[in-house]
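Biologist: I am new to this structure. Please take me through one part of it closely.

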Amino acid sequence: MTKLDDVLADLAAEGDQLEQLVASLSDEQWRTPTPAAGWDVATQIAHLAWTDEVAVIAATDKEAWDAGVLEALKDPVHYVDNAALEGGQAEPADLLARWRSARPALVKTLREYPEGEKLPWFGPPMSATSMATARFMETWAHALDVYETFDAVPAPTDRVRHVVFLGTITRTFAFITHGLPAPEEDVFVSLTLPSGAAWEHGSPDAANTVCGSAYDFALRVTQRRHRDDLDLVATGSVADQWLDIAQAFAGPPGEGRVASA
């Protein structure tokens with residue numbers, strides 16, 4: 001199995017799990033507000049469907065992609081959110097059908113994308129594997145918002161390693177997007193996956209380290225939890241500052257979540 005196959009299989013599993021929940025909801029439940037301010041369940045699913053669709057366009061239709069980029073430039077801060085809010089106005093059955101169509105289309109497109117080539121995106125171009133990893137991160141994070149809405153968070157799995165990986169390699173981006181100079185120092189990340197397996201990145205000799213739960217690290221880099229509520233320990237000024245601003249997703253700095261009482 002290639003790395004791409006691995007990510008796509010886990011992306012499908014994560015989507016299947018979320019689909020099982022939302023397919024059982026009443027129309028009224030689709031309008032339930034989630035922990036993401038201003039987003040109900042329908043908005044969450046609309047965002048996932050829209051992003052899958054746009055990724056397919058980026059990979060297959062240059063003219064449509066270029067037109068979309070020009071549209072995004074008119075309001076880069078709100079473009080993605082507006083698409084989610086607009087899409088979320090659809091009838092739940094139609095929205096579910098849309099997402100069910102977008103998911104396999106994305107998998108097929110990424111699996112067939114020429115090896116070694118990169119897709120254009122709103123940030124730097126990405127390989128098919130990187131795009132699949134980004135889609136996994138988004139699916140995992142937005143699914144968590146939906147699960148928490150109904151107190152139905154599933155048991156953590158080692159699939160979270162994809163979020164951990166993306167959160168780690170976007171460290172420089174996190175500093176830049178917050179208007180801060182990107183430190184050159186290495187950070188050693190040593191985490192424990194839900195299965196108990198170790199996950200590491202960087203040099204163990206680094207002066208800066210982040211240690212703790214891989215699941216909690218994923219919550220932090222997707223800004224689903226405040227740092228104070230997580231089992232993470234930073235050693236060194238760079239690692240400490242990074243945990244304050246960690247952000248695996250593209251776009252402007254997120255507002256994050258407040259600490260629990």
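Biologist: Leaving aside its neighbours within four places in sequence, which residues is tryptophan 242 in contact with?

Modeller: This is a predicted model, where local features need pLDDT of at least 70, side-chain atom pairs count only at pLDDT 80 or more, and totals for chains, interfaces and linings use all residues. Numbering runs from 1 along each chain as its sequence is written, and side-chain values use heavy atoms, without hydrogens or water.

Tryptophan 242 is in contact (heavy atoms within 4.5 Å) with Gly167, Thr168, Arg171, Ala174, Phe175, Val187, Val189, Val210 and Phe217. Both Trp242 and Phe217 are among the residues that touch the most other members of the largest nonpolar core. Leu110, Trp121, Trp140, Val163 and Leu191 belong to that group too. This core has 58 residues. Such a core joins buried nonpolar residues (under 20% relative accessible area) through side-chain atoms within 4.5 Å. Helix H7 (a DSSP run of at least four residues), residues 128-149, gives the largest share, 9 residues. Another core, of 17 residues, lies apart from it, with Ala42, Leu96, Ala143 and Tyr147 among its members.

The whole structure has 1 cavity of 30 Å³ or more. On a 1 Å grid, a cavity is where a 1.4 Å probe fits but cannot get out, and lining residues have an atom within 4 Å of a point. The largest cavity holds about 100 Å³, the space filled by probe spheres set on its points. Its lining has 13 residues; Glu14, Trp140, Pro154, Ala155 and Tyr215 are the closest to the centre. H1 and H7 each give two or more residues to that lining. H7 gives the largest share, 3 residues.

H1 spans residues 3-22 and includes alanine 12. Alanine 12 and valine 107 are 95 residues apart in sequence, yet 8.2 Å apart in space, C-alpha to C-alpha.

How values were computed:
Buried means under 20% relative accessible area, exposed over 50%, partly exposed in between (1.4 Å probe, protein chains only). On a 1 Å grid over the protein atoms alone, a cavity is a set of points where a 1.4 Å probe fits but cannot get out, and a pocket is an open set with protein on both sides within 12 Å along at least five of seven lines; lining residues have an atom within 4 Å of a point.
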